[in-house]
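Here are some notes for a colleague who is opening this entry for the very first time. Please read them with the structure in view.

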Protein chains: 2
Amino acid sequence: MHLGLPDSDLSEMRSLHLFEDMDDTHFGSLMQGTYVQNFPPQIELIAEGDRSDFLYVVLSGSVELFSCWNRRESSMATILPVSTFILAATIRDAPYLMSARTLEKSRIALIPSQDVRAVFDLDAQFARAIVTELALCYRSVVKNTKDLKLRTSLERLANYLLRQQRYSGMANEFELRLEKRRLASVLGMTPENLSRAFKNLKSYGVRVDGNRISITDQADLEKFAKPDPLIDSYSI
Amino acid sequence: MHLGLPDSDLSEMRSLHLFEDMDDTHFGSLMQGTYVQNFPPQIELIAEGDRSDFLYVVLSGSVELFSCWNRRESSMATILPVSTFILAATIRDAPYLMSARTLEKSRIALIPSQDVRAVFDLDAQFARAIVTELALCYRSVVKNTKDLKLRTSLERLANYLLRQQRYSGMANEFELRLEKRRLASVLGMTPENLSRAFKNLKSYGVRVDGNRISITDQADLEKFAKPDPLIDSYSI
DNA sequence: GCTGGGGCTTGATTTGGATCAAATTTCGAT
DNA sequence: ATCGAAATTTGATCCAAATCAAGCCCCAGC
């Protein structure tokens, strides 16, 4: 027996690009089978290789996507509210390529994958939104590949900082929203090297105090980092 | 004045997953604005940053997708017939993230992007096919990222060879379908290092003679490469 | 307040891979 | 067939980053 979701959850989900333009009835039937759950930190939500039974939505907290091979692990992305993850696996009804764990206490919605696929065929707006979202995801991963293959780790860090700065409204000071060891893994380096990389960026006007970053010489950092919209912009 | 495409081109395109299930009329109107052209080798078809005016289909020959930053260049993928490329940019009406050049004499179809987007809204089958295709592309790039971040260059080469072997019907001998320096770039290494890597794989039963690879000790190579369907399979 | 453990930093060392330079092979064009 | 340019290979060297090993700091829990 389904009890129905709180209005606050519903409206948050509804505001996602993925759902905002779709028909009310269709949204309703998607939400019919959806349930929302609170998870403590460090809970593994899905493991790579699992059947993709649900599309996930992070309503609050944060989730790390990571992958393993041969006893090595790499952080692939961090999902912040409000967004979905593992859309592609859901669409293709294929096993997850990445695992997911909560980083902090998180509120998460689970939408049955078969419902997503069913409503896709009924609602053209929803189909359009899914395809737009997937294309965006694809392009992010391509940008990430370019970052990895074309830049050194120091350049990746410098550009990461510039992106974070942009995200926080071009302030000269901002907080890292990621533990450093996770950031290291995201950037494809070791924690030790990240630490040294921060030191190296001092000469380009980057101060670090714990999670607090201040950029004291914007021009100098940008001259070194050479940010490129075709790698570093979110929206394009 | 549009002259219409040769039947052979039409039927080849029609056989693509992307187009095979769509309505005849809709396929027709897509093809209305499409033109097909033969290109010599080494022609730059598109440059990253360009407006995505067309969706491309390689009918014969081959095309390399590559990216540049700060005077460095990296090969991102090779497109073999019959497949499309830069679908995501077309869908989002966003600038290309990658450049493309012909590797050999190639026959290529150009479908106006606005027609693709228009027909998407009319034809649910086509919409379904696009979303499936995009999800597949997304998953390939994720697998590629895992390959890059979790494996050493030697491991990447070993697994690349096993994938090629699978592609060529599990024969113990097969041809590299890529110039070595391009392969090096695809695998994220220098040509010099690729050469040394091939030498290192001798001890795991890999013989190299020009473009001809023979795998003399399958078990040994697999033991070293540790292939994983969540990185190395095409279809999943 | 202590205290213990995890995360972060620092230093020393090793290793993988890049770069530079040159020899060799391959292959297309004449 | 021969020439020349490009690709590949090989060797020497350099550099970036991983690893190993302590030590420090922060703060969560007693």
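1. The largest nonpolar core has 90 residues, and those that touch the most other members are Val131(A), Leu134(A), Tyr138(A), Val131(B), Leu134(B) and Tyr138(B). Please keep in mind throughout that this is a predicted model. Leaving aside neighbours within four places in sequence, Leu134(B) is in contact with Val131(A), Leu134(A), Ala135(A) and Tyr138(A), and also with Leu87(B) and Ala88(B).

2. The contact between the chains takes 44 residues from chain A and 44 residues from chain B. On the side of chain A that touches chain B, two or more residues are given by each of strand 4 (63-69), strand 5 (72-79), helix 4 (87-92), helix 6 (124-150) and helix 11 (229-232) of chain A. Helix 6 of chain A gives the most to this side, with 21 residues. By class, the side of chain A that touches chain B divides into 24 nonpolar, eight polar and twelve charged residues.

3. Chain A is divided into domain 1 (7-148) and domain 2 (151-232), and the C-alpha centres of these two domains of chain A lie 27 Å apart. Eight residues of domain 1 of chain A are in contact with eight residues of domain 2 of chain A. On the domain 1 side of that contact, strand 5 and helix 6 of chain A each supply at least two residues, and helix 6 of chain A gives the most, with four residues. The residues on this side of domain 1 of chain A divide into one nonpolar, three polar and four charged.

4. Which residues come nearest to DNA strand D? Of the 16 residues around DNA strand D, they are Ser153(A), Asn193(A), Lys180(B), Arg181(B) and Ser195(B). The elements that give two or more residues to the surface near DNA strand D are helix 7 (153-167) and helix 9 (191-201) of chain A, together with helix 8 (180-186) and helix 9 (191-201) of chain B. The largest share of this surface, five residues, comes from helix 9 of chain B, and by class the surface near DNA strand D has four nonpolar, five polar and seven charged residues.

5. DNA strand C is surrounded by 17 residues, of which the closest are Lys180(A), Arg181(A), Ser195(A), Ser153(B) and Asn193(B). Two or more residues of the surface near DNA strand C come from each of helix 8 (180-186) and helix 9 of chain A, and helix 7 (153-167) and helix 9 of chain B. Helix 9 of chain A gives the most to this surface, with five residues, and the classes found near DNA strand C are four nonpolar, six polar and seven charged residues.

6. Some features of the backbone deserve a careful look. Most residues other than glycine have a negative phi, and most peptide bonds are trans. Pro81(A) and Val82(A), however, are joined by a cis peptide bond with omega about -15 degrees, and Val82(A) is found in the loop between strand 5 and strand 6 (83-85) of chain A. The peptide bond from Pro81(B) to Val82(B) is also cis, with omega near -15 degrees. Arg71(A), in the loop between strand 4 and strand 5 of chain A, has a positive phi near 70 degrees, and Arg71(A) is exposed, with 6 other C-beta atoms within 10 Å. Arg71(B) likewise has a positive phi, of about 65 degrees.

7. Leaving aside neighbours within four places in sequence, Thr84(B) is in contact with Leu16(B), Leu18(B), Leu55(B), Tyr56(B) and Val57(B).

Notes
Residues numbered from 1 in each chain as written. Chains lettered and ligands numbered in written order. Predicted model: local features only at pLDDT ≥ 70, side-chain atom pairs only at ≥ 80, totals over all residues. Contact = placed C-beta atoms within 7 Å. Nonpolar A, V, L, I, M, F, W, Y, C, P; charged D, E, K, R; others polar. Near = placed C-beta within 6 Å. Domains from an automatic or database assignment. Core = buried A, V, L, I, M, F, W, Y, C linked by C-beta atoms within 7 Å. Buried ≥ 20, exposed ≤ 12 C-beta atoms within 10 Å, placed from the backbone.
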